[in-house]
Amino acid sequence: MVSRIPSVDGAQVLDVATGTGLVARELTERGHRVIGIDQSEGMLARASTRRKGGGSLQLALGCAERLPFGSETFGAVTFTYLLRYVDEPASVLSELSRVLAPGGTLANLEFHVPPNPVWRAAWRVYTGVALPVAGAAISRDWYDVGRFLGPSIRDFYERHPLEEQLRMWREAGIVDLQVRLMSLGGGIVISGRKSG
Ligand SMILES: C[S@@+](CC[C@H](N)C(=O)[O-])C[C@H]1O[C@@H](n2cnc3c(N)ncnc32)[C@H](O)[C@@H]1O
């Protein structure tokens, strides 16, 4: 996903749902100036310990539904593992597009359910058994995370199949969409350019 973000002189990248800042750090290491925003103070506190790289990183507290930035402010906007957690993905996509300058790139990394039946069966075992067992070996909290992920991902694509999500991107004004499945279909990168 990060490799989809072109370097544009003077332009800033907004990383939404930046969490502990893994994506933001990767962007700064490629020389981008980045603002990472997240609704969780705890996650941002962890992200602040990751500041390094060739670019600069600022952190901000706020939610994706109402970004505290003016329209057409950023040269690129990235978001990772966000839309599964919001009530209205279409309106969040519109808000992400609002702060993006015309011609700028919107890029997303998310989990996905493998379309290939063999890999999908393996994915079911992995998310239904392996992840919870591995989580339980660490702590009760990681067991809960391990149990949560598979159903959360499946439910998201049942409610919003990929075709519907791509329609939401287009309705938010994002064109030239590129979709790449990764990790045997267990991950997906979607990116596009704001029209205008
Ligand atoms: C699984 S973490 C992903 C963190 C980061 N993007 C990464 O890949 O490492 C999901 C993050 O989304 C944030 N989040 C969820 N809903 C949000 C919202 N509506 N606005 C802003 N952040 C949100 C959570 O606080 C959490 O930090």
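Predicted model: local features only at pLDDT ≥ 70, side-chain atom pairs only at ≥ 80, totals over all residues.
Strand 2 spans residues 33–38. Five of its six residues are buried, so strand 2 is largely enclosed by the rest of the structure.

Strand 1 covers residues 12–16. It runs parallel to strand 2, and five bridges join the two. Within this pairing, Gln-12 stands opposite Arg-33 of strand 2.

Strand 3 covers residues 56–61. Strand 3 is also joined to strand 2 in parallel, here by six bridges. Asp-38 stands opposite Leu-61 of strand 3.

## Helix 1

Which residues of helix 1 are buried? They are Val-23, Ala-24, Leu-27 and Thr-28. Seen down the helix axis, these residues fall within an arc of 135 degrees, so they line one face of helix 1. An α-helix has 3.6 residues a turn, so residues three or four places apart point the same way.

The buried residues of helix 1 pack against strand 1, strand 2, strand 3 and strand 4. Just after the helix comes Gly-31, with a positive phi of about 90 degrees.

## Pro-6

Pro-6 lies in the segment before strand 1. Its relative accessibility is 43%, so Pro-6 counts as partly exposed. Leaving aside residues up to four places away in sequence, Pro-6 touches His-32 and Thr-105. Pro-6 and His-32 are 26 residues apart in sequence. Their C-alpha atoms are 9.1 Å apart in space.

## Helix 6

Helix 6 spans residues 162–171. Gln-165, Leu-166, Met-168 and Trp-169 are buried there. They cover an arc of only 155 degrees around the axis, which puts them on the same side of helix 6. On the other side, Glu-163 and Glu-171 are exposed.

What covers the buried residues of helix 6? The cover includes helix 3 (89–98) and helix 5 (140–159). It also includes strand 4 (74–80), strand 5 (100–111), strand 6 (174–182) and strand 7 (187–194). Gly-173 follows helix 6 and has a positive phi, near 95 degrees.

## Salt bridges

Side chains of opposite charge can pair when their charged atoms come close. How many salt bridges does the model hold? The count comes to eight.

| Glu-95 | Arg-98 | 2.9 Å |

Take the helix 3 pair. Glu-95 and Arg-98 both lie in helix 3, three residues apart, about one turn of the helix. Is Glu-95 buried or exposed? Glu-95 has 11% relative accessibility, so it counts as buried. Arg-98 has a relative accessible area of 26% and is partly exposed.

In helix 5, Asp-155 and Arg-159 are four residues apart, so about one helical turn separates them. Asp-155 is partly exposed, with a relative accessible area of 34%. Arg-159 counts as partly exposed too, at 38% relative accessibility.

Asp-176 lies in strand 6 and Arg-193 in strand 7, so the pair ties together parts that are 17 residues apart in sequence. Asp-176 counts as partly exposed, at 49% relative accessibility. The cut-off matters here: exposed means over 50%, so Asp-176 stays in the partly exposed class. Arg-193 is partly exposed as well, with a relative accessible area of 33%.

Some charged residues join in a group. Arg-140, Asp-144 and Arg-147 are linked in a network of salt bridges.

Note on methods. Residues numbered from 1 in each chain as written. Heavy atoms only, no water. Buried < 20%, exposed > 50% of the residue type's maximum accessible area, 1.4 Å probe, protein only. Pairing = 2+ DSSP bridges. Arc of directions from axis to C-beta. Contact = heavy atoms within 4.5 Å. Salt bridge = Lys/Arg side-chain N within 4 Å of Asp/Glu carboxyl O.
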